[in-house]
Amino acid sequence: MPAEATAQTTAARGTARPCSPPVTARQEARRRRILAASARLASRGGFDAVQMREVAECSQVALGTLYRYFPSKVHLLVATMQDQLERLHATLRENPPTGETAAERVTETLMRAFRALRREPQLADAMVRALTFADRGASPEVDRVSRQTTAIILDATGLAEPTPDQSAAVRVIEHTWHSALITWLSGRASIAQVRLDIETACRLIDWPTVTGERLRA
């Protein structure tokens with residue numbers, strides 16, 4: 001892990017803790033400036049370009065205030081990923097996937113997400129690296145990323161009440177998508193391979209239903 005990430009994560013285990021979610025419009029506006037600055041810096045230079053002092057300067061907040069919101073740049077970049085996924089979710093709700101089956105809709109959704117990340121590869125790499133580096137100190141941010149990803153997948157399925165098997169399938173799909181991002185960013189997988197892996201995992205959504213119909217027949 002880079003020296004800054006190690007030092008800041010160590011500090012996060014001590015007295016520094018992520019602050020509570022903003023409760024006023026001013027606090028929310030400040031948080032949004034911080035996340036926007038983080039995304040801009042990462043887009044230009046990846047993980048190493050996100051330096052807390054520079055984030056503070058770009059977002060026009062005091063360095064101490066920044067650390068109260070995000071104890072390390074790992075916390076910050078994971079929160080940035082959650083913010084990017086939240087924006088994607090809003091876009092998907094305005095223009096939902098059109099596949100006939102749940103598997104097709106989830107595949108379309110995740111490939112749209114993948115294409116969005118491909119447009120900003122250094123930002124994508126920075127966020128995924130932060131998610132990989134994150135330890136227990138950043139678990140609230142990591143949990144929010146996971147919940148947002150799950151919500152995106154579930155919305156795409158159109159399932160109001162997924163079965164336990166379908167819920168398990170969603171978890172497998174989420175893990176596959178994350179793994180596919182890592183292998184693509186590291187140059188170990190082509191876009192075609194990413195799509196194939198995602199399509200294969202997404203078939204699990206329809207599998208319990210198809211299996212049940214066969215058993216009833």
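Which residues in H6 meet which residues in H8? In this predicted model, the contact is formed on the H6 side by Ala102, Arg105, Val106, Thr109 and Leu110, and these residues meet Ile152, Ile153, Ala156 and Thr157 in H8.

Two packed helices are described by the angle between their axes and the distance between the axes. For helix H6, which covers residues 102-118, and helix H8, which covers residues 139-157, the axes come within 8 Å and cross at roughly 140°. Because of this angle, H6 counts as oblique to H8, given that the term roughly antiparallel is kept for angles over 145 degrees. The crossing in which H6 passes H8 is right-handed.

The two helices belong to a protein that contains 10 helices and 0 strands, and the pattern read along the sequence is accordingly written as α-α-α-α-α-α-α-α-α-α. Of the 217 residues of the protein, 42% count as buried, while the accessible surface comes to about 11,500 Å², with 52% of this surface belonging to carbon and sulfur atoms. When contacts in the protein are considered between residues at least 6 apart in sequence, 75% of them join residues that are at least 24 apart.

Definitions and conventions: Residues numbered from 1 in each chain as written. Predicted model: local features only at pLDDT ≥ 70, side-chain atom pairs only at ≥ 80, totals over all residues. Heavy atoms only, no water. Axes fitted to C-alpha atoms, helices over the stretch in contact; angles between N-to-C directions. Helix = DSSP H or I, 4+ residues; strand = E, 2+ residues; numbered from the N terminus. Parallel < 35°, antiparallel > 145°, perpendicular 65-115°, else oblique. Left-handed = near helix turned anticlockwise from the far one by under 90°. Contact = heavy atoms within 4.5 Å. Buried < 20%, exposed > 50% of the residue type's maximum accessible area, 1.4 Å probe, protein only. Areas by Shrake-Rupley, 256 points an atom, 1.4 Å probe, with all protein chains shown as cover.
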